[in-house]
Amino acid sequence: MGKFYITTPIYYVNDEPHLGHAYTTVIADVLARYHRTFGDSVFFLTGTDEHGQKVEQAAKSKQMNPQEHCDEMVVRFKSLWESLNISHDDFIRTTEPRHTKIVKQILQSIYDAGEIYADDYEGWYSVHDERFWTEKDLIGGKDPVSGREVIQISERNYFFKMSQHQEWLVNHIETHPKFIQPTSRRNEILGFLKQPLGDLCISRPKSRLEWGIELPFDSDYVCYVWFDALINYITAPGYLKEGDAFTHWWPASCHLIGKDILTTHCVYWPTMLKAMGLPLPETVLGHGWWLVDEQKMSKSLGNVIRPLELAEKYGVDGFRYFLVREMVLGLDSSFGGKSFVQRYNYDLANDLGNVLNRTVVMTQRYLEGKAPAVDLSHPSLEFPRHQAEKTLAGVRKHLEELNPNGMLEAIWELVRSANKYVEIQGPWNLAKDPLRRSDLEATMYGLLETMRQLAVLVFPVMPGKAMEMWRQLGMNVELSEQKIDRLEPWGGLAAGTQVAPGDPVFPRIEMPEWVDQDAQPLPKEDPKMPNEQENLISFKEFQKLKLKVASIVQADRVEGADRLLKLKVSLGSEERQLVAGVAEHYDPDALVGRQIVVLTNLEPATIRGVESQGMLLAASSSDGLALLQPDHGLPDGSEVR
Ligand code: MSP
């Protein structure tokens, strides 16, 4: 038995919880639940970040004291987690005395150790993000991360000597490949650390902000909200408290975060831990964004998806399944009602719901509802046993890699194999032939045992639905006590178990009105579509892409970024600058003069401080990368159709 300590970010208490928050918390919950079903001891922590300017301002505008405001706001997160069946072991609020006390103790001890000093500070301050930047950090005079306005500020402040830990941090990241995942995020941080690291301003004068934890060595200041917030990960498991809980849980197995808060978790936090003399978490996992209409969700864009609305309408479990299955960890995903309904209908109604229903109904019809006693070495059982073993190995591997999406893929291979097994074996034919009774019994046992295993395997993702499956299978032991590793050896289903047919566990859902009118009608019959077809786009959508032939006029490396080239390309009537991740495959000089294909109507993006006004097209495989180009020269700007 191992231990698994997983955290979510502590969410800003002021924010209205949305799909993005729900995603991180559901993924953490699923990982926590899988570890529990593998028999590990698990500590799953979530909570809220309650200090800082925005909370102070919001409270003021409601003429409330900030603590009362937080007490009122935190309920929304707590009740959302309850509705989404989140099984956290602790919920920490940064205004709780158990936390503020520890933050003060830490500040004092690292101050005493000489890790904090006072200095006059001149710099740029982003009011919105409550962050300081130096002149050279700014991009176009704005906050380099959020792109928001910054104001110039000069004041005395306290600084944490972060810079002195830079070399150690780079070395740690380089020698611990699991520390930052996925690899793209790790490279991002290593790239960031190629520039000299500054010290971190960790104080705010009370004249500007009062709502924070007072510095124990200077009562005119409060602690910078990120410095306070990150410490939650050690206060909750009992840092500096009596007993051995802390040494049992720390270091954390996984800090699950969105990619927006990578630097704080992969640079500030490790150096803070170093100053405290504590070991670093095993993994910081930065997942991608949920986009809505290709944009980040935000209140001002009015495109915030309220998770509860979907969960209330289609059920918590379908919603949880969708979140886990749809986003490949690390990449961004677009949220659309259509993909939600299709996923639900294909994977849950057609694949899983269907095979469960067929199994239960056929057991009722051909075997009076009872799981038969069989010889486990019957040849008909080879296929389901082999499939289940393959799936269990896949689930183990993906759990180890913190890849819940991969776990579901492995589980759905078993679901699809069971549907295939029904077709190959044809129990309805076997039932007609009394001489094939043992084949019929073996087949039905194989199916029932597969369903039993599936209920255990999907329980961490869909606890409610798995219980319904369990009931229909007639199981009379506690599902929550079943351990995945005890599914082996295969064949644990007791003969004589009496099935209890009922309503379909996953009834199909209809496309709701709010889904765009272009939506494809759903196939009525079991479609068994391969993945790629599920994501078909319409011709209209394809036409939106403006692809053109362009010539490369100039190519240079981007300083501090090993993978990037800055290209100047000609589209005939205009020139554009592109940033392309091809430096590992092409020498800049060899590219000049070549024709390529460019997507020209892509929103400009700033990559490493360089603006990219489009994207070149390239094909890639494990063998390398190849740029697309017309097979004979054409005028620059020619359209690709
Ligand atoms: N309070 C800080 C975290 C401090 S942790 C010591 C904070 N809070 S937040 O409320 O803004 O939450 C950010 C997190 O919410 C992201 O890191 C991510 O986990 C989740 N998401 C918010 N919007 C998201 C999407 N659109 N998509 C996916 N997840 C996102 O930052």
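At what angle do the axes of helix 1 and helix 12 cross, and within what distance do they come? They cross at roughly 90° and come within 10 Å, with axes being lines fitted to C-alpha atoms over the stretch in contact, and angles running from 0 to 180 degrees between N-to-C directions. That makes helix 1 roughly perpendicular to helix 12 (65 to 115 degrees; under 35 is roughly parallel, over 145 roughly antiparallel, the rest oblique). Helices here are DSSP runs of H or I with at least four residues, strands are E runs of at least two, and both are numbered from the N terminus.

Before going on, note that this is a predicted model, where local features need pLDDT of at least 70, side-chain atom pairs count only at pLDDT 80 or more, and totals for chains, interfaces and linings use all residues. Residues are numbered from 1 along each chain as its sequence is written, and side-chain values use heavy atoms, leaving out hydrogens and water.

Back to that crossing. Helix 1 brings residues including Leu-19, Tyr-23 and Arg-33 to the contact, and helix 12 brings Phe-319, Arg-320, Leu-323 and Val-324 (contact means heavy atoms within 4.5 Å). By class, that contact has nine nonpolar, no polar and three charged residues; Ala, Val, Leu, Ile, Met, Phe, Trp, Tyr, Cys and Pro count as nonpolar, Asp, Glu, Lys and Arg as charged, and the others, Gly among them, as polar.

Now try helix 14 (residues 382-400) and helix 15 (residues 404-425), which pack at about 170° with their axes 7 Å apart. Helix 14 and helix 15 are therefore roughly antiparallel to each other. Among the residues that meet are Phe-383 and Leu-399 in helix 14, and Met-407 and Tyr-421 in helix 15. This contact divides into 10 nonpolar, six polar and three charged residues.

Next, the ligand. It is surrounded by 24 residues, the closest being Ile-10, Thr-24, Asp-49, Trp-289 and Trp-290 (a residue is near if one of its heavy atoms lies within 4 Å). The shell splits into 12 nonpolar, nine polar and three charged residues. For polar contacts (pairs of N or O atoms within 3.5 Å), look at the backbone: an N or O atom of Tyr-12 sits 3.0 Å from a ligand oxygen, one of Gly-258 lies 2.9 Å from a ligand oxygen, and one of Trp-290 is 2.8 Å from a ligand nitrogen. The protein covers 95% of the 680 Å² of accessible area that the ligand has on its own, by the Shrake-Rupley method with a 1.4 Å probe. Helix 1 (19-37) turns up here too, as one of the elements that give two or more residues to the shell.

Note on methods: A polar contact is a pair of N or O atoms within 3.5 Å; within protein, one must be able to donate a hydrogen and the other to accept it, and residues adjacent in sequence count only if both atoms are side-chain atoms.
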